[in-house]
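Let's walk through this one together, starting with the overall picture and then moving on to the sheet and the rings. Have the viewer open as you read.

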Amino acid sequence: GGGRPPPPPPPAAPPKKELAVPEVYIKRVVAGPGDTVRVEAETGDVYVNGVRLDEPFVGDKARYDFGPATVPEGYLFVLGDNRNRSFDSHVWGFLPRENVVGHAILRYWPLGRFGLVEH
């Protein structure tokens with residue numbers, strides 16, 4: 001038979017994008033572009049450009065070595081205050097500045113330190 005050809009298939013729908021929920025962490029910016037950072041396991045101290053940081057807020061000092069390493073342009077070095085249990089730059093390296101989504105403005109824990117966060 002001489003019937004008509006079948007109609008063309010409908011246009012393909014664009015593939016659905018996976019909606020990935022990005023993980024968001026609150027970390028302390030320790031060093032910026034051009035800074036050299038080093039963490040000493042022996043003392044738990046963090047040094048930026050050779051100067052030891054005064055960090056009375058750190059719960060338990062770092063028991064790992066990092067660096068020295070210079071933060072590249074467009075990146076930051078960030079650490080959590082619970083240094084040995086924190087998923088931060090000592091684990092995954094420098095953070096692209098474009099990945100920063102905001103900054104902390106209020107501290108609610110511990111209750112004795114409730115208030116605005118100084119920047």
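Of the 119 residues in the protein chain, 24% count as buried, where buried means under 20% relative accessible area, exposed means over 50%, and partly exposed is in between (1.4 Å probe, protein chains only). Bear in mind that this is a predicted model, with local features needing pLDDT of at least 70, side-chain atom pairs counting only at pLDDT 80 or more, and totals for chains, interfaces and linings using all residues. Residues are numbered from 1 along each chain as its sequence is written, and side-chain values use heavy atoms, with hydrogens and water left out.

The protein chain exposes about 9,300 Å² (Shrake-Rupley, 1.4 Å probe), and carbon and sulfur atoms supply 57% of that area. As for contacts (heavy atoms within 4.5 Å), take the ones between residues at least 6 apart in sequence: 42% of them join residues at least 24 apart.

Now the secondary structure. The protein chain has one helix and nine strands, taken as DSSP runs numbered from the N terminus (helices are H or I, at least four residues; strands are E, at least two). Reading from the N terminus, the order is β-β-β-β-β-β-α-β-β-β.

Three of these strands make an open sheet in the order β1-β6-β7, with antiparallel pairing; strands pair if DSSP finds at least two bridges between them. β1 (28-31) and β7 (95-96) each have a single partner strand and stand at the edges, so one side of each is left without a neighbour in the sheet. Strand β6 (residues 75-79) pairs with β7 over two bridges, in the antiparallel sense, and Y75 stands opposite P96 in β7.

On to the rings. Phe, Tyr and Trp (its six-membered ring) pair if their centres lie within 6.5 Å; planes under 30 degrees apart are stacked, over 60 edge-to-face, and the rest tilted. That rule gives four aromatic pairs. In one of them, F66 and F77 have ring centres 4.8 Å apart and planes at 40°, so the pair is tilted. It links distant parts of the chain, with F66 in strand β5 (residues 66-70) and F77 in strand β6, 11 residues apart. Both F66 and F77 are buried.

With F87 and W92, the centres are 6.1 Å apart and the planes at 70°, so that pair is edge-to-face. F87 is partly exposed at 41% relative accessibility, and W92 is partly exposed too, at 31%. Y25, F87 and W92 form one aromatic cluster.

Finally, look for charges over rings (NZ of Lys or CZ of Arg within 6 Å of the ring centre and within 35 degrees of the ring normal). R28 has its charged end over the ring of F57, 3.5 Å from the centre, while that of R38 sits over the ring of Y47, 4.2 Å from the centre.
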